[in-house]
Amino acid sequence: MKLYIKYMVSLRCKMVVKEELKNLGLHFMNISLGEVEIMENLTQLQHDKLKEALHKSGLELMDDKKSMLIEKIKNVIVEMVHYTDKIPKINFSDYLREKLNYDYTYLANLFSETEGITIEHYIMNHKIERVKELIIYDELNLTEIAEKLHYSSISHLSNQFKKITGLTPSFFKSLKDKKRKNLDDV
């Protein structure tokens with residue numbers, strides 16, 4: 001049985017879900033961002049207990065099909081931008097279409113209608129958060145960061161960074177207190 005969990009965007013969230021499943025005596029076969037496949041079928045009591053336990057940790061067990069698809073879109077983007085070593089070189093629209101087996105126009109319209117922003121803007125926000133993370137780690141220079149995240153040039157990265165944050169990447173790097181957002185706040 002597959003379960004879909006809203007706000008499950010980090011490794012810590014996966015650990016929380018594993019623990020709650022264990023507490024209820026449930027066994028999972030696969031766990032990924034936003035999605036868990038368990039061996040058992042949930043009883044209504046188990047469903048309610050899991051929903052309540054997840055809610056206490058800031059997570060939400062989802063039942064609505066459209067909400068589940070929105071979360072899948074978000075999780076594919078978060079995983080692609082934050083948890084893969086290199087972002088795929090194909091168009092994001094093709095990537096989402098392949099990963100989710102839905103027409104991209106349908107996904108884009110549903111996402112915009114529900115979230116109030118476009119998928120492209122959501123991806124751009126996450127890419128900028130990833131740029132901030134890479135700047136903070138100070139292991140790559142801006143040229144390498146631009147290449148890693150498939151920006152056409154450093155100036156393209158810098159323009160997008162400034163548009164989103166109001167700061168240049170070099171000014172952000174010079175700040176003593178570098179502020180990043182939680183992934184579920186992006």
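Two strands are said to pair if DSSP finds at least two bridges between them. Helices are DSSP runs of H or I with at least four residues, strands are runs of E with at least two, and both are numbered from the N terminus.

With those terms, I turn to the structure. This is a predicted model, in which local features need pLDDT of at least 70, side-chain atom pairs count only at pLDDT 80 or more, and totals for chains, interfaces and linings use all residues. Residues are numbered from 1 along each chain as its sequence is written, and side-chain values use heavy atoms, with hydrogens and water left out.

The protein contains nine helices and four strands.

The four strands form an open sheet, in the order 2-3-1-4, with antiparallel pairing. Strand 2 (28-32) and strand 4 (60-62) each have a single partner strand, so one side of each is left without a neighbour in the sheet. On average, neighbouring strands are turned by 25° against each other, direction ignored.

Which residue of strand 4 is the bridge partner of Tyr-4? That partner is Met-62. Strand 1 (residues 2-6) and strand 4 pair in the antiparallel sense over three bridges.

Next, the helices on the sheet. Helix 2 (residues 44-56) touches strand 1 and strand 4, and its direction makes about 140° with that of strand 4. Helix 3 (residues 65-82) lies across strand 1, strand 3 (35-38) and strand 4, at about 70° to strand 1. Contact here means heavy atoms within 4.5 Å; axes are lines fitted to C-alpha atoms, for helices over the stretch in contact, and angles run from 0 to 180 degrees between N-to-C directions.
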